[in-house]
Amino acid sequence: MHIDHLTFVAGPQGLQATVDELSEVLGREFKDGGFHPRFGTRNNILPLADDRYLEVVEVLEHPAAEKAPFGQAVRARSEMGGGWLGWVV
């Protein structure tokens, strides 16, 4: 078992502003990770070593976001100001 990726939720300022801030701090550029229709979210990723990555995600105004537990969790964390949500193994 190993960590696949770490998840950071964008705050109320949105995905692009959060990614821009983290890029400046980390000195690395994020890539568009796409839209996730099952969760009602979209993300940007920062590839790391060994196929691992850092994900910055935001919830969208999308019907799936209200139904999917991940979409609900991202919305709740964003409303609290954003930040670390978890890791995926």
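**Reading the fold**

Student: Which residues does Ser23 contact, leaving aside its neighbours within four places in sequence?
Tutor: This is a predicted model. Ser23 lies in helix H1. Beyond its neighbours within four places in sequence, Ser23 is in contact with Arg28, Glu29 and Phe30.

Student: Is Ser23 buried or exposed?
Tutor: Buried means under 20% relative accessible area. Ser23 has 9% relative accessibility, so Ser23 counts as buried.

Student: In what order do the elements of the protein run from the N terminus?
Tutor: The protein has three helices and five strands. From the N terminus on, the order is β-α-β-β-β-α-α-β.

Student: What radius of gyration does the protein have, and what does the globule rule give for 89 residues?
Tutor: The C-alpha atoms fill a box of roughly 35 × 30 × 20 Å along the principal axes. For 89 residues the globule rule gives 12 Å, and the protein comes close to that, so it is as compact as a globular protein of that length. The radius of gyration of the protein is 12 Å.

Student: Which residues does Val56 touch, not counting residues up to four places away in sequence?
Tutor: Val56 is part of the largest nonpolar core. Its contacts include core members Phe8, Ala10, Leu15, Val19, Leu22 and Phe30. Val56 also touches Thr18, Arg42, Asn43 and Asn44.

Student: Which residues do the salt bridges that share partners join into one network?
Tutor: Arg75 and Glu61 meet through their side chains in a salt bridge, at 3.5 Å from N to O. Glu66 also forms a salt bridge with Arg75, with the closest N and O atoms 3.0 Å apart. The bridges share partners, and the network is Glu61, Glu66 and Arg75.

Student: How many residues apart in sequence are the parts that Arg75 and Glu61 tie together?
Tutor: The two side chains meet in a salt bridge. Arg75 lies in helix H3 (residues 69–79), and Glu61 lies in the loop between S4 and helix H2 (63–67), so the pair ties together parts whose separation in sequence is 14 residues.

Student: Is Arg75 buried or exposed?
Tutor: The cut-off for buried is under 20% relative accessible area. Arg75 has 17% relative accessibility, so Arg75 counts as buried.

Student: What is the N to O distance in the salt bridge of Asp50 and Arg52?
Tutor: Asp50 is exposed, with a relative accessible area of 60%. Arg52 is partly exposed, at 27%. Their side chains meet in a salt bridge with an N to O distance of 3.6 Å.

Student: What area does the nonpolar surface patch cover?
Tutor: The patch is made by Met1, Ile3, Leu6, Trp84, Trp87 and Val89. Trp87 is found in strand S5 (residues 83–88) and is exposed, with a relative accessible area of 62%. The patch area is about 770 Å².

How values were computed
Residues are numbered from 1 along each chain as its sequence is written. This is a predicted model: local features need pLDDT of at least 70, side-chain atom pairs count only at pLDDT 80 or more; totals for chains, interfaces and linings use all residues. Side-chain values use heavy atoms; hydrogens and water are left out. Patches are made of residues with over 30% relative accessible area and no salt bridge: like charges are joined within 9 Å, nonpolar side chains (Val, Leu, Ile, Met, Phe, Trp, Tyr) within 5 Å. Accessible areas come from the Shrake-Rupley method with a 1.4 Å probe; for residues, only the protein chains shown count as cover. A salt bridge is a side-chain nitrogen of Lys or Arg within 4 Å of a carboxyl oxygen of Asp or Glu. Helices (H or I, at least four residues) and strands (E, at least two) are DSSP runs, numbered from the N terminus. Buried means under 20% relative accessible area, exposed over 50%, partly exposed in between (1.4 Å probe, protein chains only). A nonpolar core is a set of buried Ala, Val, Leu, Ile, Met, Phe, Trp, Tyr and Cys residues joined through side-chain atoms within 4.5 Å. Contact means heavy atoms within 4.5 Å. The radius of gyration is taken over C-alpha atoms; the globule rule is 2.2 Å times the number of residues to the power 0.38.
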